[in-house]
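Hi everyone, thanks for having me.

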Amino acid sequence: MELIKNYFFDEGAYDYHDGAYKHLIRPKTKTHKLIIPKVLKADKIEGNTTYYTIHAQEGETNILDGKATHTWGYNGSLLGPLIRYQSGRHYHLTLVNDLPEVTTWHWHGLNIPGPIEDGGPHAPVLPGKSREIEFDVNQPTMTAWLHPHPCPHTAEQVWKGLAAPVAVVNPLDDLPQLPHTWGVDDIPLIFQDRTFHDSQWDYQADYDMDGTLGDTALVNGTVNAEFTVTRPCLRLRVLNGANRRELRLNSDQNIVMTQIASDGGFLPHAVEMTKIMLTNAERAEILLDFSDYKKGGRIVLKADDVPILTLKVGEFTEDNRRQLPKTLKQIERDFTGSPSHQVIMEGMDDSVRINGKLYDMTRIDDRQEIGKNEIWDVSNTNDSMPGMGMIHPFHMHGTEFLVLSRNGKKPYPNEFGFKDTVAVNPGEHVKLLVKFNVPGIFMYHCHILEHEDTGMMAQIEAVDPNNPQHWNLKDLCDKNMPDSNMRM
Ligand code: C2O
Ligand code: CU
Ligand code: CU
């Protein structure tokens, strides 16, 4: 297997070429033990149905050494617990809004009906109120996440701390050889960045229409994080949970990161890299092999050139290395044909548009029948100056797609699995193979959260021809939107 030592994207379009770019600073705090989100406990299990309750709430979190930071979280003060779903089961969720404003619960990566269960802007929950939703989970093993989606306040609510890891397990394609002990050899790496103002976060003060950046990196809400490795194989579920910052992950010793999964589950074949770039909302599951390291050894994971997480080698308590199959997952990707859907991402700052338009909650921009494979052509026209412009991460709700090509060429080596977010370079056309399995209204948008909130977002109706639904979006909005600043 060829070892990849470079990021794939157009270097000239990296976020650090932006005039407003804020470099990460080296944390001056002492090291803190990496926070591992707890696993959410079910309220009850009845037959094939699991019941969960998720509160969105305010709180105080000790992030720096001194004063606590005012933060938001799910069932806690910051971020949220790991929410586990098993494919084939039915789930009943009670979503409780204990915040002072409207929010929604969006299941980024779950292919469940929209717009209500999916939790986009059509599914708000008022402060002090709750909503109950039910859905079946039917999809491969993957890492997804939960975040709010109340247009146009998604970016601010994520910034305040709302985001939680989600894991789907499907016995049909799971690889039981992989490390599975949560918090021991299977850990999340949720990357974010914030600026501290006297220990507090101030979204308005740091706001940037082209994407808000912070100067301090956090991993799972931990600044200057350290984790003790106690088994030779470590599985990291990496999520770029930042509003705008691109995560260029590397390490001080160029340790080999074996990527086994992308957004939508396992890759057909593992890819070995020493550098991985993830744009906003992209995920990668990677394996690190510590068997050549002795107790006391350490590897520092970095974002660009700033340390974000020290992996300290402790006493190995168990040998968890297992041979992986050569093919992790069979993926049929032999599709030809011409695109029948087009998405043009254009502009920067307040001129961002999709197909020349700003988002409108009452407008359906596109339609596709469920169960059918169709080709989408997604492009980014930010290339008026060669070698410049910005990369827009394109995300679709309700589906996991395949990347067929980039400007007619093969996708990047770690893009051969299913994804729901794909970064598009300036001047590039990315062809996607898209199939919806569940009906409903779904958003598609740039995942730079400030672009999304500005209106770089559109919506598609996934239609079940045997059971057509008639959406009256105007009514849905009027009924759901008592707060006039939620209207777009
Ligand atoms: Cu991560 Cu529209 O979502
Ligand atoms: Cu999403
Ligand atoms: Cu964008």
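Let's start at a metal. By donor I mean an N, O or S atom within 2.8 Å of the metal (3.2 Å for Na, K and Ca), and since water is not among the atoms, sites may look incomplete. Now look at where those two histidines come from: His106 sits in strand S8 (residues 106–108) and His395 in strand S27, 289 residues apart, so this pair links distant parts of the chain. Strands here are DSSP runs of E with at least two residues, helices are runs of H or I with at least four, and both are numbered from the N terminus.

Are these histidines buried or exposed? His106 has 1% relative accessibility, so it counts as buried, and His395, at 0%, is buried as well. The cut-offs: buried is under 20% relative accessible area, exposed is over 50%, and partly exposed is in between, with a 1.4 Å probe and protein chains only.

A quick word on what you're looking at. This is a predicted model, where local features need pLDDT of at least 70 and side-chain atom pairs count only at pLDDT 80 or more, while totals for chains, interfaces and linings use all residues. Residues are numbered from 1 along each chain as its sequence is written, chains are lettered from A and ligands numbered from 1 in the order in which they are written, and side-chain values use heavy atoms, with hydrogens and water left out.

Okay, another copper. Which residues coordinate the copper ion (ligand 3)? They are His392 through ND1, Cys446 through SG and His451 through ND1, at 2.0 to 2.2 Å. Read along the chain, the donors have the spacing H-x53-C-x4-H. His392 belongs to strand S27 (residues 392–396) and Cys446 to strand S31 (residues 440–446), 54 residues apart, so that pair also links distant parts of the chain. His392 and Cys446 are both buried.

Let's zoom out to the domains. The chain is split into domain 1 (17–169), domain 2 (177–313) and domain 3 (340–463), with bounds that come from an automatic or database domain assignment. The centres of domain 1 and domain 2, taken over C-alpha atoms, are 18 Å apart. Counting contact as heavy atoms within 4.5 Å, 47 residues of domain 1 touch 57 residues of domain 2.

How much area do they bury? About 4,600 Å² between them, and 61% of that is on carbon and sulfur atoms. Buried area means the accessible area (1.4 Å probe) that two parts lose on being put together, summed over both. On the domain 1 side, Leu24, Leu34 and Trp159 lose the most area to domain 2, together 21% of what that side buries.

Domain 1 and domain 2 have 2 salt bridges between them, a salt bridge being a side-chain nitrogen of Lys or Arg within 4 Å of a carboxyl oxygen of Asp or Glu. The whole structure holds 29 salt bridges.

Let me show you a few of those. Arg237 pairs with Glu285, with the closest N and O atoms 3.6 Å apart. Arg237 lies in strand S15 (residues 233–240) and Glu285 in strand S20 (residues 283–289), so the pair ties together parts 48 residues apart in sequence. Both partners, Arg237 and Glu285, are buried.

Next, Arg248 and Asp304 meet at 2.7 Å, N to O. Arg248 is in strand S16 (residues 247–251), while Asp304 is in the loop between strand S21 (298–303) and strand S22 (306–313), so parts 56 residues apart get tied together. Arg248 is buried, with a relative accessible area of 1%. This pair belongs to a salt-bridge network that links Asp15, Arg244, Glu246, Arg248 and Asp304. Leaving aside neighbours within four places in sequence, Arg248 is in contact with residues including Tyr7, Tyr14, Ile276 and Lys302.

Last one: Arg406 and Glu428 form a salt bridge with the closest N and O atoms 2.9 Å apart. Arg406 is in strand S28 (residues 402–406) and Glu428 in the loop between strand S29 (421–424) and strand S30 (429–434), so parts 22 residues apart are tied together. Arg406 is buried at 3%, and Glu428 is buried at 7%. That's me done, thanks!
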